[in-house]
Amino acid sequence: MKFKIFLAAALLAILTGCNNTSNEESNPTSVIEADYSKPFKLTLNDGSELKMQKKDNGYDFNIKDKAIFLNFFATWCPPCKVEIPYLVSLQEKFKDKLQIIGVSVETLSLEQANEFKELLNINYPIAYTDENQYLISSLGGVVGIPFSILYYPNGKFATSYSGLVPIEMLENDIKKVIE
């Protein structure tokens, strides 16, 4: 009986993801005053930058010839770690038409980002600095992780995912976006 309760709790945690909310009240005026239409960048652990600018239906990315898959994660989040091998396999399979970018919801040092990438054999870049918070704010926030967003090669929003998603579903959506 105890094992069944433990198993049910473990499955619930894996399927619902990690909650990244806080009890602090947000400042509504900062949201109203923020201008997210200005260009900004995310520093990636491979030494490059993802430059982007918000537009009505998505973002204008400096990567023009590939679909973009932003995966929001934390190094302490078990469901985030569970989905990484699937993302690694998708990046390998669609490397010519898809760019996955891990976006840490926590600020990491370059050394921490590289250690995490090496530990989990990640084959895509990770945005690791506090610049990520600007992106998260421009999206209206990220409540739970893992959380992912898929964009067409032209930067138009395609779909988003909360929690763990079956790899078959991700693969089907990616195929629709890149064809």
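1. Start with one residue. At 1% relative accessibility, tyrosine 151 counts as buried, because the cut-off for buried is under 20%. Keep in mind that this is a predicted model. Tyrosine 59 also sits at 1% relative accessibility, so tyrosine 59 counts as buried too.

2. Now look at tyrosine 59 and its ring partners. Phenylalanine 40 and tyrosine 59 form an edge-to-face aromatic pair. Their centres are 6.3 Å apart, with 85° between the planes. Phenylalanine 40 lies in strand 2 (residues 40–43) and tyrosine 59 in strand 4 (residues 58–61). The two are 19 residues apart, and the pair links distant parts of the chain. Phenylalanine 40 is buried, and so is tyrosine 59.

3. How far apart are the ring centres of tyrosine 59 and tyrosine 151? The distance is 5.8 Å, and the planes stand at 90°, so this pair is edge-to-face. It also links distant parts of the chain: tyrosine 59 is in strand 4, tyrosine 151 is in strand 9, and 92 residues separate them.

4. These rings belong to a cluster. Ring pairs join Tyr36, Phe40, Tyr59, Phe61, Tyr134, Tyr151 and Phe157. A search of the whole structure finds ten aromatic pairs.

5. Next, the sheet that holds strands 2 and 4. Three strands form an open sheet in the order 2-3-4, and their pairing is antiparallel. Strand 2 and strand 4 stand at the edges. Each has a single partner strand, so one side of each is left without a neighbour in the sheet. From one strand to the next, the twist averages 35°.

6. Strand 2 and strand 3 (residues 49–55) run antiparallel, joined by four bridges. Lysine 41 stands opposite lysine 51 in strand 3. Threonine 43 faces glutamate 49 of strand 3 in the same way: it stands opposite. Five residues lie between the two strands of the hairpin. Glycine 47, in the turn, has a positive phi of about 95°.

7. Strand 9 (residues 147–151) and strand 10 pair in the antiparallel sense over five bridges. Phenylalanine 147 has serine 162 of strand 10 as its bridge partner. Strand 5 and strand 6, by contrast, pair in the parallel sense over seven bridges. Phenylalanine 69 stands opposite isoleucine 100 in strand 6.

8. Is strand 5 mostly covered or mostly uncovered? Mostly covered: seven of its seven residues are buried. In a regular strand the side chains alternate between the two faces of the sheet. On one side of strand 5 are Ala67, Phe69, Asn71 and Phe73. On the other are Ile68, Leu70 and Phe72. All of these are buried, and both faces are covered.

9. Helix 3 deserves a look. It has 16 residues and reaches 24 Å from its first C-alpha to its last. That is close to the 22 Å expected at 1.5 Å a residue. Helix 3 also has a kink of about 30° at isoleucine 84, shortly before proline 85. The buried residues of helix 3 are Pro79, Cys80, Glu83, Ile84, Leu87, Val88, Leu90 and Gln91. An α-helix has 3.6 residues a turn, so residues three or four places apart point the same way.

10. Finally, the whole chain. The protein chain has six helices and ten strands. Buried residues make up 42% of its 179 residues. Among contacts with a separation of 6 or more, 70% come from residues 24 or more positions apart.

Definitions and conventions: Residues are numbered from 1 along each chain as its sequence is written. This is a predicted model: local features need pLDDT of at least 70, side-chain atom pairs count only at pLDDT 80 or more; totals for chains, interfaces and linings use all residues. Side-chain values use heavy atoms; hydrogens and water are left out. Two strands pair if DSSP finds at least two bridges between them. The expected span of a helix is 1.5 Å times one less than its number of residues. The bend at a residue is the angle between axes fitted to the seven residues ending there and the seven starting there. Buried means under 20% relative accessible area, exposed over 50%, partly exposed in between (1.4 Å probe, protein chains only). Rings of Phe, Tyr and Trp (its six-membered ring) pair if their centres lie within 6.5 Å; planes under 30 degrees apart count as stacked, over 60 as edge-to-face and the rest as tilted. Contact means heavy atoms within 4.5 Å. Axes are lines fitted to C-alpha atoms, for helices over the stretch in contact, and angles run from 0 to 180 degrees between N-to-C directions.
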